[in-house]
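Please walk through this fold with the model open beside the text.

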Amino acid sequence: MGKVKVSNIRVYAHHGCLGEETIIGSDYRVDVVVNANLKSASASDQLSETVDYVHINRLVKEEMAVPSKLLEHVAQRIINRILDEIEMVNKVKVEVTKINPPIGGDVEGVTIVLKSKR
């Protein structure tokens, strides 16, 4: 078993419960960790035998482009897409962070963490 991490995917998106958040948008960071059997890829040196992190990055950007009220909803959609489209993934962990959230304080970010497995 091995892991593929795609860290600090930066996107500008329109999520939130407040109307202004969905109009103005915010900066977000997404981190993804997937578990898969990487033994064949480590021996063969073939992209077809591993988890393509370009694919993960594309899925994250596509799902982040769909406005949602809750980060939990966005994170679950990302998980669902990864498990649906990348068969060799056994486990997935997604962290979605809203940078500088409008919560009336000096907060760097708020993060939602969801995990799932087959």
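V66 is in contact with H15 and R77, once its neighbours within four places in sequence are left aside. Contact here means heavy atoms within 4.5 Å. V66 sits in the loop between α3 and α4. At 40% relative accessibility, V66 counts as partly exposed. The cut-offs are these: buried means under 20% relative accessible area, exposed means over 50%, and partly exposed falls in between, with a 1.4 Å probe and protein chains only. H15 is 51 residues away from V66 along the chain, yet their C-alpha atoms are separated by 8.2 Å.

A word on the source. This is a predicted model, in which local features need pLDDT of at least 70 and side-chain atom pairs count only at pLDDT 80 or more, while totals for chains, interfaces and linings use all residues. Residues are numbered from 1 along each chain as its sequence is written, and side-chain values use heavy atoms, with hydrogens and water left out.

Now step back to the overall plan. The protein has four helices and four strands. Both kinds of element are DSSP runs numbered from the N terminus: helices are H or I with at least four residues, strands are E with at least two. From the N terminus on, the order is β-α-β-α-α-α-β-β. The C-alpha trace spans about 50 × 25 × 20 Å along its principal axes. Of the 118 residues in the protein, 40% are buried. Take the contacts between residues at least 6 apart in sequence: 59% of them join residues at least 24 apart.

The strands come next. All four form an open sheet in the order β1-β2-β3-β4, and the pairing is antiparallel. The edge strands are β1 (2–13) and β4 (109–117), each pairing on one side only. From one strand to the next, the twist averages 15 degrees. Two strands count as paired if DSSP finds at least two bridges between them. Strands β2 (residues 26–36) and β3 (residues 89–99) pair in the antiparallel sense over nine bridges. One of the residues to look up here is N35, whose bridge partner in β3 is K91.

D31 is found in strand β2. At 16% relative accessibility, D31 counts as buried. A polar atom of the D31 side chain lies 2.6 Å from the backbone nitrogen of N8. Such a polar contact is a pair of N or O atoms within 3.5 Å; within protein, one must be able to donate a hydrogen and the other to accept it, and residues adjacent in sequence count only if both atoms are side-chain atoms. Leaving aside neighbours within four places in sequence, D31 is in contact with V6, S7, N8, K93, V94 and E95. D27 also has its place in strand β2. At 44% relative accessibility, D27 counts as partly exposed. D27 touches V11, Y12, T97, K98 and I99, not counting residues up to four places away in sequence.

What is the phi of N8 near? The value is near 60 degrees, positive in a residue other than glycine. N8 is found in strand β1, and at 32% relative accessibility N8 counts as partly exposed. N100 also has a positive phi, near 50 degrees, and is likewise a residue other than glycine. N100 lies in the loop between β3 and β4. With a relative accessible area of 56%, N100 is exposed.

Finally, the helices over the sheet. Helix α3 (residues 53–64) lies across β1, β2 and β3, running at about 35 degrees to β1. Helix α4 (residues 71–85) lies across β2, β3 and β4, at about 150 degrees to β3. Axes are lines fitted to C-alpha atoms, for helices over the stretch in contact, and angles run from 0 to 180 degrees between N-to-C directions.

In α3, the residues H55, I56, L59, V60, E63 and M64 are buried. Seen down the axis of α3, the buried residues fall within an arc of 160 degrees, so they line one face of the helix. The arc is that of the directions from the helix axis to the C-beta atoms. An α-helix has 3.6 residues a turn, so residues three or four places apart point the same way. The buried residues of α3 pack against β1, β2, α4 and β3.
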